[in-house]
Amino acid sequence: MQGDGPVAEAAHLMTHQSYVRVGRVVLFAVLILAALRLWGVKLQNLAAAGVGAKLAADLMSGLIVIVIGYLVWEIVNLWINRRLAADMPDSGEAAVAGGEGGGAGKTRMATVLPLMQISAQVTIAIITTLLALSQMGLNSTPLLAGAGVFGLAIGFGAQTLVKDVVSGVFFLLDDA
């Protein structure tokens, strides 16, 4: 664990939980493949089966996209949690700052990183869902068009809020 304080401990705990979840996914995949091999089922035979060949291939492609999206999700969480743990100011650092309540670059990163984490998670979830649906044979073009219209309406409605959030992030990143 790098850093001190409750945020660093929470980041360390979340990192540990991420490792456990990734290990469970890998173990689950290995167990499924081992059970299929014990029963004499081969993935190549599923594709050559005839009627369900296209369905089996589409479902397999969709599951692979979902697993890859989940792993990317966990990697992003691990990276951000490691940065949060490393960038947290020590408990004595605020006292040295003269009682101004922080002001260190480390506290600014601790403010920006959770925002980046949520943005990355939403982006990964949306892209993974659209790719999985596309791999399973569903047309995702109407979903993208609907989301574009919906996003445009929200963008016009919340223009000032978005501008303030983006400005705040750049103020924190620029150390203003």
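This is a predicted model: local features need pLDDT of at least 70, side-chain atom pairs count only at pLDDT 80 or more; totals for chains, interfaces and linings use all residues.

Modeller: The quantity pLDDT is the predictor's confidence in each residue, on a scale from 0 to 100. For the protein chain the mean pLDDT is 79, with 80% of the residues reaching 70 or more.

The setting may be described next. The protein chain contains seven helices and zero strands, and from the N terminus its elements follow the order α-α-α-α-α-α-α. Of its 176 residues, 18% count as buried. The accessible surface comes to about 12100 Å², and carbon and sulfur atoms supply 71% of that area. Among contacts with a separation of 6 or more, 76% join residues 24 or more positions apart.

The part you ask about is the salt bridge. The count for this model comes to one: Glu74 pairs with Arg21, and their closest N and O atoms are 3.0 Å apart. Glu74 lies in helix 3 and Arg21 in helix 1, so the pair ties together parts that are 53 residues apart in sequence. The two partners may also be described by their accessibility. Glu74 counts as buried because its relative accessibility is 1%, a value under the 20% limit for that class. Arg21 has a relative accessibility of 31% and therefore counts as partly exposed, the class that lies between the limits of 20% and 50%.

Helix 1 (residues 6-38) comprises 33 residues; the distance from its first C-alpha to its last is 47 Å, close to the 48 Å expected at 1.5 Å a residue. Ala8, Ala11, Thr15 and Ser18 are buried in helix 1. As a general point, an α-helix has 3.6 residues a turn, so residues three or four places apart point the same way. Helix 1 is followed by Gly40, which has a positive phi near 85 degrees.

In helix 3 (residues 53-87) we also find Met60, which is partly exposed because its relative accessible area is 34%.

Gly62 and Leu131 are 69 residues apart in sequence, while their C-alpha atoms are 7.7 Å apart in space. Leu131 belongs to helix 5 and, at a relative accessible area of 45%, is partly exposed. The other pair is Phe171 and Arg108, which are 63 residues apart in sequence and 9.4 Å apart in space, C-alpha to C-alpha. Phe171 is placed in helix 7 and counts as exposed, with a relative accessibility of 52%.

Helix 7 (residues 159-173) may complete the description. It has 15 residues and reaches 21 Å from its first C-alpha to its last, close to the 21 Å expected at 1.5 Å a residue. Just after helix 7, Asp175 adopts a positive phi of about 65 degrees.

Terms used. Residues are numbered from 1 along each chain as its sequence is written. Side-chain values use heavy atoms; hydrogens and water are left out. Helices (H or I, at least four residues) and strands (E, at least two) are DSSP runs, numbered from the N terminus. Buried means under 20% relative accessible area, exposed over 50%, partly exposed in between (1.4 Å probe, protein chains only). The expected span of a helix is 1.5 Å times one less than its number of residues. Contact means heavy atoms within 4.5 Å. Accessible areas come from the Shrake-Rupley method with a 1.4 Å probe; for residues, only the protein chains shown count as cover. A salt bridge is a side-chain nitrogen of Lys or Arg within 4 Å of a carboxyl oxygen of Asp or Glu.
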